[in-house]
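The report takes the pockets, then the cavity, then the surface and the overall fold.

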Amino acid sequence: MKLYTKGGDRGRTSLIGGERVCKTDVRVEAYGTADELQANIAYLADRMLREESLAIYVEDCRRVCSRLMTVCSLLAAGCSCEYELPKISEGDITWLEGRIDALQSELKPVDCFTIPGGCELSSLCHICRTVCRRAERRAIEAAENYEVEKLLLVFLNRLSDYLYALCRTITERLDAEEVLWRP
């Protein structure tokens, strides 16, 4: 089987179930952004492997990437899709909330906004966080026009919170300067 089909040469693609849509369709934008987020989080995990104090968070990132694959498949489902697709569950949300709470419990509280920076890995994590926010916005836009699983939206919202807590944890674990916004 060839990798290329030439089916998208005219700017159209197929959703799961066979529906043909423009590559700028809001659903394609949504799952494409979630895919971009997945790639960035995988890169973050690979980079964290080089830091012994961060290796414990790599499994979190891999689990998140697996769930993001589910998010992508749900967003890529066409209106006539009859396939049984995996779902985002309440357990996925609860797991993220537990991880956020665990990270937060070890961090000093801050009374102002943090600014990306301080070290390369923290900045990379902030990139993941901002791509996650964009993925959430694209998924919300898709949900305004098509049926989108509501827990998928909750998952993306909670994931950006997890990534923020992870950014701060990375900064602390690497003994980097946390850049605080001082207007």
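## Largest pocket

The largest pocket holds about 370 Å³ of space. Lining it are 15 residues, and those closest to its centre are Leu-74, Ala-77, Gly-78, Cys-81 and Glu-147. By class, the lining has nine nonpolar, one polar and five charged residues. Here Ala, Val, Leu, Ile, Met, Phe, Trp, Tyr, Cys and Pro count as nonpolar, Asp, Glu, Lys and Arg as charged, and the others, Gly among them, as polar.

This is a predicted model, in which local features need pLDDT of at least 70, side-chain atom pairs count only at pLDDT 80 or more, and totals for chains, interfaces and linings use all residues. Residues are numbered from 1 along each chain as its sequence is written, and side-chain values use heavy atoms, with hydrogens and water left out. The search runs on a 1 Å grid over the protein atoms alone: a pocket is an open set of points with protein on both sides within 12 Å along at least five of seven lines, a cavity is a set where a 1.4 Å probe fits but cannot get out, and lining residues have an atom within 4 Å of a point. Grid points are joined across faces, edges and corners, and a volume is the space filled by probe spheres set on the points.

## Second largest pocket

The second largest pocket has a volume of about 180 Å³. Its lining includes Ile-100, Gln-104, Phe-113, His-126, Arg-129, Asp-161 and Tyr-164. Helix H3 (90-105), helix H4 (120-145) and helix H5 (150-173) are the elements that give two or more residues to this lining. H5 gives the most, with four residues. The lining residues divide into five nonpolar, four polar and three charged.

## The cavity

How many cavities of 30 Å³ or more does a search of the whole structure find? The search finds one. About 50 Å³ of space lies in the largest cavity. Among its lining residues are Thr-114, Ile-115, His-126, Cys-167, Arg-168 and Val-179.

H4 and H5 each supply at least two residues of the cavity lining. H5 gives the most, with three. By class, the cavity lining has three nonpolar, five polar and two charged residues. Thr-114 and His-126 line this cavity, and both also line the second largest pocket.

## Surface patch

Phe-113, Ile-115 and Trp-181 form a nonpolar patch on the surface. Together they have about 320 Å² of accessible area, computed by the Shrake-Rupley method with a 1.4 Å probe, where for residues only the protein chains shown count as cover. Patch residues have over 30% relative accessible area and no salt bridge; nonpolar side chains (Val, Leu, Ile, Met, Phe, Trp, Tyr) are joined within 5 Å, like charges within 9 Å. A salt bridge is a side-chain nitrogen of Lys or Arg within 4 Å of a carboxyl oxygen of Asp or Glu.

Ile-115 lies in the loop between H3 and H4. Ile-115 counts as partly exposed because its relative accessibility is 32%. Buried means under 20% relative accessible area, exposed over 50%, and partly exposed in between (1.4 Å probe, protein chains only).

## Fold and burial

The protein has five helices and two strands. Along the sequence the pattern is β-β-α-α-α-α-α. Helices (H or I, at least four residues) and strands (E, at least two) are DSSP runs, numbered from the N terminus. Along its principal axes the C-alpha trace spans about 50 × 35 × 35 Å.

Of the 183 residues, 43% count as buried. Arg-27, in helix H1 (residues 26-48), is buried, with a relative accessible area of 3%. The C-alpha atoms of Arg-27 and Leu-96 are separated by 24 Å, and the two residues are 69 residues apart along the chain.
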